[in-house]
Amino acid sequence: MRPLRTFTIEPSLPPELSPLLSLANNLWWSWHGDALDVFRRLDQDNWEECYHNPVAMLGRINQARLAEVAGDEGFLAHLHRVDQELQDYLGRPGWWNKTYGSFTQPQIAYFCAEFGISECLPIYSGGLGVLAGDHLKSASELNLPLVAVGLLYQQGYFRQRLNADGWQLELFPRNDFHNMPLALVKGKDGNPLTVQVEMGQRIVRLQIWQAMVGRIKLYLMDSNVTDNSPEDRHITAQLYGGDQEMRIRQEIVLGIGGVRMLKALGISPKAFHMNEGHSAFLGLERVRVLMAENGLSFDEALEIVTASNVFTTHTPVPAGNDAFEPWLIDKYFSGYWPQLGLPRERFLALGRQEQSNKDEPMSLTVLALRLSGYRNGVSKLHGAVSRKLWTSVWPGTPAAETPIASITNGIHTRTWLSHDMADLYDRYLGPEWHEKATDGSPWKGVLAIPDTELWRTHERRRERLVGFARKRMVLQLQKRGAGASELAAAEEVLDPEALTIGFARRFATYKRASLILSDMKRLGELLNNSQRRMQIIFAGKAHPRDNPGKDLIRQIIHAARQEGFRHSMVFLEDYDMNVARYLVQGVDVWMNTPLRPMEASGTSGMKAAANGALNLSILDGWWAEGYEPAVGWAIGSGETYDDLEYQNAVEGESLYDLLEKEVIPLFYDRGSDKLPRGWIAKMKASMSLLGPAYNTNRMVRDYAQTFYAPAIAKWDEMADDGMKLTRELSGWKRRIHEHFGSLRIESVTDSMDSQGAKVGKDIKVEAVVQLGALEPSDILVELYYGQLDDDGQLTSGCALEMGMVGQENDHRVRYSVNMPCMRSGMTGYTVRILPRHRALISGRELGMIKWA
């Protein structure tokens, strides 16, 4: 039954408590302990029942309790101190202002399909969303002129329950947006502001919600609008729900709708960042708008859009990237590509690795790579994997030179740091340590923390984790109708003094959660050693359609129920940010066992390290660059085998050896004071060395310096004077495409004599190039040299620019360079030509290389 009228009932607060509303509606509170304590102090039970949602709590709290605290001078002093801290924070300049100046409008738009900012806003599924949330928090702390764009899901990601057999079930509770830290954006007429996108032959209207993340505004689009059909109202129903057709609808809303939403809000960013390929369609929409408003051709608009787009890929395997069959693109874009002035095949080719292959699906990752001038993987290893994976997008380019950089992920340390550990940081690193998160010098203060103080702090967190796990286990069992004896046993699982290992993440098969189960006899001995007991806490969700991942969870549940295991091995249901905090703040060891190189980065180990836990991990993702013996343990040495069973056997053996011979002995090696001094030394080394390197303040600064600031400057340069440079560059590329094929390297000579090459003696190399219709300024001639591999191939070399030393008849030009001979061994060289223009970000972006 439809109501006659709808309205929102807001909390009724005494005037003295009015700052609570503004505080509750800025997610700044989620990473400030003093602000969190305001809400806990107001009503601890209500805070937990509302799952740390201050807006919902204020609407439920007893009016008598509000009247009571309105007269509590201690509470009011606390509230006003925190409110003043928020106001000072919002008005204080940050690193960006001091480095690049101030802007009145956002210059950067950050697009992502999910954002994990707090458990009270459940529009995230895991690592990608949590990283995006941490990105916004650090962007706020650095005061970047950034606006964020995403989708607001009516049901978010699923809530996890396990049946009696340990099989994962999914529940989809609806989000009540009006009782979340969100505000519906309204137009000047007081009605909800909407934008519309074409969905095939239909029009879909989207309303807009705003979340404040410190200084950063996050805008979220919602298709649950009465004007839409029931089918279209469900576009934003579930994160990663539905089939391929639902996926393309969501990605049209995110990419195309997001650009239109910013325009409707009067926001005109210059740089756009696509965090993963879900928002790749935004590049096409930016092109369409520029063509319509500035009279540019598609190729001209493409130049300025590409020059100001940033793309981050997070997936190291082709199957993990969204790609749509041509019939699906036809259904949703047949009316769109004419607006770009493109024929169907050229439109589809934008998202194909092999552009002439008419059977290849349209990949959003390939589309984003082609529509971006700045591209990166999320760790050094992942950058190398991505360059190899996507090298065919730039034909003829050596894999090592594929134009995909790397910026290693990080964590927003204050979000994930326990209050107890944060107090230690404030005391020994200085109260402003978080503002110098990228500076290694304050982190040396970790070494000054007394061993006793650090260990007691860590032990308190382990005790709290065990208490939390016991309560969680009891609740899980009660929901399954367990009997009194089983509930009583759950209240005594785990030992608050035992070595505690955490394993929590998405349950995908490549993450190999069951590697620790590979030798149940040895595992049982470790879990049941009364003198040196080890215990393991698992948590994580499998994708609803990932049955192999669900089976991994079931295997762990069955193992944990065995006699001798049930006291020391548990699985906590419904993994989310709250569960993650308890785990990373309380475990002694964080275990990670992915199949290398399939972990793009991983950030959970960084969170654990910030809290003093030690990493025990495969050398994959961030750990491949973060590991050194002083800070943790490496499972294996980074080797890979074609035989997966053999790989599992080798690394399973390595894991058990490390636990038996290094990890457990070090933890239980205690002196007369009962302190594990060797373990504490490793904790301090991990915190002091990894802390300043693997945080999002460092990461966002890297993005700002490497991508955002150059992209903004490139936009300004190419938009100046009626987009003169944009038009010039497009015309130049047309000429290059027309004539590059006629370039010829006619001859290559060197100065080597019969004695050959000697270490320390340069070799002069000369090349004669036939330019044809091109000019010397159009090209870059390089010597490419290096040592040969076992097959005699030059697969990873160095490039040296060759200088023009003379012109001959018929457009022949002579180039020369001295090649250094630094090492002995089989060496080779060749010569190549690349296009060159002052407006190009890289000569490789055209995918045109002429080799000798």
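This is a predicted model: local features need pLDDT of at least 70, side-chain atom pairs count only at pLDDT 80 or more; totals for chains, interfaces and linings use all residues.
Leaving aside neighbours within four places in sequence, which residues is Thr 365 in contact with?

1. **Contacts of Thr 365.** The residues in contact with Thr 365, leaving aside neighbours within four places in sequence, are Phe 311, Thr 313, Asn 321, Asp 322 and Trp 390. Thr 365 itself sits in helix 15, which covers residues 364-370.

2. Thr 365 has 2% relative accessibility. Buried means under 20%, so Thr 365 counts as buried. Its side chain has a polar contact with the side chain of Asn 321, at 2.5 Å. Asn 321 is also one of the contact residues listed above.

3. **Val 584.** This residue belongs to helix 24, residues 577-586. Is Val 584 buried or exposed? Val 584 is buried, and its relative accessible area is 2%. Not counting residues up to four places away in sequence, Val 584 touches Trp 416, Trp 590, Ser 604, Lys 607, Ala 608 and Asn 611. Gly 828 lies 244 residues from Val 584 along the chain, and the two C-alpha atoms are separated by 50 Å.

4. **Helix 2 against helix 6.** Helix 2 spans residues 33-42 and helix 6 spans residues 73-91. Their axes are 9 Å apart and the packing angle is about 150 degrees. Angles over 145 degrees count as roughly antiparallel, and helix 2 and helix 6 are therefore roughly antiparallel to each other. Their crossing is left-handed.

5. **Who meets whom there.** Helix 2 brings Asp 34, Ala 35, Asp 37, Val 38, Arg 41 and Leu 42 to the contact. Helix 6 brings Gly 74, Phe 75, His 78, Leu 79, Arg 81 and Val 82. By class, the residues of this contact are six nonpolar, two polar and four charged.

6. **Helix 11 against helix 12.** At what angle do helix 11 and helix 12 cross? The angle is roughly 125 degrees, and the axes come within 9 Å. That makes helix 11 oblique to helix 12. The crossing is right-handed. Helix 11 runs over residues 281-294 and helix 12 over residues 298-307.

7. **Residues at the second contact.** From helix 11 come Gly 283, Arg 286, Val 287, Leu 290 and Met 291. They meet Phe 298, Ala 301, Leu 302, Ile 304 and Val 305 of helix 12. The contact of helix 11 with helix 12 has eight nonpolar residues, one polar and one charged.

Notes:
Residues are numbered from 1 along each chain as its sequence is written. Side-chain values use heavy atoms; hydrogens and water are left out. Axes are lines fitted to C-alpha atoms, for helices over the stretch in contact, and angles run from 0 to 180 degrees between N-to-C directions. Helices (H or I, at least four residues) and strands (E, at least two) are DSSP runs, numbered from the N terminus. Angles under 35 degrees count as roughly parallel, over 145 as roughly antiparallel, 65 to 115 as roughly perpendicular and the rest as oblique. A crossing is left-handed if the near helix is turned anticlockwise from the far one by less than a right angle, and right-handed if clockwise. Contact means heavy atoms within 4.5 Å. Ala, Val, Leu, Ile, Met, Phe, Trp, Tyr, Cys and Pro count as nonpolar, Asp, Glu, Lys and Arg as charged, and the others, Gly among them, as polar. Buried means under 20% relative accessible area, exposed over 50%, partly exposed in between (1.4 Å probe, protein chains only). A polar contact is a pair of N or O atoms within 3.5 Å; within protein, one must be able to donate a hydrogen and the other to accept it, and residues adjacent in sequence count only if both atoms are side-chain atoms.
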